[in-house]
Structures are given as C-alpha cells and as structure tokens.
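Hi,

Here is the structure I promised to pass on. My notes follow just below it.

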Amino acid sequence: MRFLASRERLLLGRLGLALQAAAWLIVAAYAAPVFVFAALYWPPGGSPPFSMAWVVSWTLLQAAASATIAVAAGWPLGVLAGFYRCRAARAAAWAGLGVFMSPVVAAALGMRSLYYATPLGFLAEGWSGVIALNSYFNIGFAAALVAASARETEAAVVEQARLLGLRGARLWLRALLPLTRRAAAYAWAVAFLYSATSSSPLLVAGAAYRYYTLEAWLYSLYIGFPSLRGLTAALALGELLAAAAASWLLLSRLLRLEASPLAARGRGEIPLRGTSRLAAAAYAAAVAAYLYAPVAALAANASGASLASLAAAAEALGAPLARTLANSAAYAAATVAAAVPLGAVAAASRSLSAAALSAIAVAPVAYGVAATLTYFHALEPLLGPVAASAALILLAHVASALPLASRALDLARARTPRETLEHALLLGLRGARFLAHWLAAAAPAAAAGAALAAAASLGEFGATLVVSTPETWSLTVLAYHLMGGGRVFHEACLAALLLEAASLALMAAAAVAASRLVARTGG
C-alpha cells in the first residue's frame, strides 16, 4: 500500500483501517450474493430457452466490436485534444466524457428517438443497434483517457520526435499513437467489460431476443421463467467468474497508468495550420455531433410532455414523481457520502484499487437477481421491504461509484505535496480530522470524485431495476417503466431528459474541479 504505508497510515490511524475494511466489505458484499444464489439453487437443472453457444459467442463478439469501434473513434480525438493546440478537440473530449456518464435510459431513448424508422434505423435496432448502443457510451471515455495520457507525457519526448523530422502521419504512427497505446488499451478493456456485461441498453431499446447478451437473458429468465432459477444462478455465477478473470487480466496490469480522464485537457503544444486545423476541428465537431444528437432528439420528444403530464403518468404507475425525484437525490447523496472517503483510501492501495475496479465484473442484473433472492429475504423481516430494497440499491450504487471516485482522488494523492503531510503531523491531526484536512487540500479532486459518484448513482439502472419496488424507484427506473407503457413515450423522454441534464451538470462540475486541480498543481 503506497498511501497508507508510512506517515499517512499513522495519520489516519484506526479510521484508515476501518475505511479499508469498509471498502473491502462493499466489494465483497456486492459479489457475494451471486455465489450464495448459486449455492442455494444447485444443481441448476433445466435447459435455457436459447442457444447457449450463440448467446455467449454474441456477448463476446458484440463486446469486442463495441470496444474496438469506441477506441477507433475516440483515440484520434484524444490525440488531437492531448498533443495539439485544438480547442475543438479538447471540448469534444470533455463532452464525450459526459456521455460516458450519461444514464443508460437517457442515451438509449435518445438514440431510439433519433434513428428509429429513419434511413439510419440500423443504429437503433438489430445487431448493429446493439453494437452502436454499447460503443456510443465509451467513445468519449477513450478520448478523455488518451488526452489525459498525453498530459502525462514529457513535452521533450514529442519535441524530439518533431526535431527528428516526424510530421503528419509519420508523427502519429511513430510517436503519438505509441505514446498513448497504454491509455487506449485501458479504455478498450473497460469498454469491453462494460459491453460484455451490458443489458440495460438492450432492455430499454427493445432489442430482439436473438441479440440479447447473457446479462439481458439473466433478467428475462428471472422475470419470465421462475422454474429456471437454478439455471439463472449458474449462468450468473459463470458470468461473474469469467468477467472477474478478464477484469484482473486486462486491468490489473494497467493500474499503474498515471493518467486520469479528469485531466483530459492535454498539453496542446503542437500547432495546427491550414487544412490540418480545419480537418481536426471538423473531426472533433463530427464526434461531438454524433454523441449529442441523441440528446437533442430526446429533448425534442420531451417537448411533447409537461411536468404535469409526467407527474400524472408517474402517479398512475404508483410511483409519484416527487417521491422518485427524492429517491434519486437521496441515493446520490448517500453514494457520495460513502464513495468519497472510501475512494480516498482505495486510491492509496493497489490491491484495494484493483478490487474496487474489478467490481465492474459484477454485472448489475446478476447482482440484482442474486441479491433479491438472497439478501432481500434476510433483510426484509428486519428492515421491512422498502428499507431492504433501498439498502440493496445503495450497495449497488456505492460499488459502481467507488472505482470512479478512487480514480479521481488518485490523481490528487499522487500530487499531494509532502509538506501537506508534514503540516498535518505538526498540527497533530489524526483520523477524521486528518482525512478532512487532506480532502480540503485536494478539494478539486474531492469535488470531481463526488460529481462522478453522484452521476454514477443517478445513471445506475440494471441492479436498481431488479431490486426496487415502486416505493424505492429512482427516476431512471420510472423512465423505463414509462417507456414500457407505450402511450406515455413523451413523458418517458422528459424523465430521461431530466436525468441527462442532472448528469451533464454533475460532469460539468467535475470538469471545473479537475481543471482547478491541474492549475493548482501546475500539471
């Protein structure tokens, strides 16, 4: 453990140990119900209502294709934003990171609104629609991470390459792309894992069963085939073990990557002139337009509803709008309160950081199904159904937010001046007082981590959909059920637009906080 190895461990004392234990507990508790679920319903029995070979093959194929498309589109944008004096590319990279954190419901409804029943309908239906949906989210993440990696590159390296006469395509192939290949590989790995364990976009978009991923089939089996609970448990366990292995193999080797997507401004030292400048700006504008056209379409459809009609539609489903808004706000606030201090400690420990990151391996629907059939039955007699449901939702939200908050705080931890720790020692700060002092000193990173955690909470869909009751619905789940109603599509779009606006506002706050961190540390 780097951060807790010496003075920091002394300064945090028992609080540090308690936070470490809590972080490990959250990661373990998030994964455990899948194993319990499988044990309770072993042996599986029954046969799936689909071809297992096809579903597994399609799940992996679409994940690889989605990740490859995302990196192919985002990597060049990240290079332009990171190494060149191109404000359009930097703005597009930041805007793309906002899409990465967009609620699934909002993005899927936006793409459906934009492309369905048009010549570009293949982007909203069929096998191509699945790949388009899953790649859509990760383009901005790839661009932002590559741009951030460029910031961490010594300026002299690029300057020497240019002095050697490398220009244009040769500069890209021999210097800029090799310098950022680790960031691109990291982005591909994250995109692959998210796409392989994806179900939410497919469920929202109404994809054909033939193109369901294994995760989407888990939800369908849980809802429509109660007699196949044993099979559902076995598939959930197999998916978890495979995703966990991939997570460790693909990601643990890249944890030393210093760049954080929050530093996506880049250095921007290579000038662009003439047609090169126009081409760079045009590419950045095209990527940004592709990413935000669904948001515009969502807003256009949402204009056909009003808050009053949305409230009436929500009331008809037994989930008053005011309550769902309050639920979403409460989940986000609780997630931030847990993820920021836990992320500060997780960022300091390589093993804990890897464990938090591997929470990606626990697919949300698999967790939701398993937790409903294991944790819920144990918690309901003690807490009641509403509180038990809320507890399971919060566990999922904190687990999904922890790696994001940890990554945001890791950049600040690495750049914390040694004098800050010496000052804390001289002042006699210990435990909670030291943690508060450090978070105040790293306020921009803490604010960025909080914004990312809140955005993750607002957008979490798969687990929340399964474990929630109408009393605990979030705005995300309400939008999904409204869309299923068919006749209130405009109201569903309005609910999704409210989510999208909140998420983008949080990402804007993270951008401002991150830029202040970079300016403060002189990065």
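**Notes on the model**

Serine 135 sits in helix H5 (residues 126-151); helices are DSSP runs of H or I with at least four residues, numbered from the N terminus. This is a predicted model, in which local features need pLDDT of at least 70 and side-chain atom pairs count only at pLDDT 80 or more, while totals for chains, interfaces and linings use all residues. Residues are numbered from 1 along each chain as its sequence is written, and side-chain values use heavy atoms, with hydrogens and water left out.

Back to serine 135: this residue is buried, at 3% relative accessible area (buried is under 20%, exposed over 50%, partly exposed in between, with a 1.4 Å probe and protein chains only). A polar atom of its side chain lies 2.9 Å from the backbone oxygen of isoleucine 131 and 3.2 Å from that of alanine 132. Leaving aside residues up to four places away in sequence, serine 135 touches Ser66, Ile69 and Ala70 (heavy atoms within 4.5 Å).

Finally, leucine 307, in helix H13 (residues 307-316), is exposed, with a relative accessible area of 54%.

Best wishes

Methods. Helices (H or I, at least four residues) and strands (E, at least two) are DSSP runs, numbered from the N terminus. A polar contact is a pair of N or O atoms within 3.5 Å; within protein, one must be able to donate a hydrogen and the other to accept it, and residues adjacent in sequence count only if both atoms are side-chain atoms.
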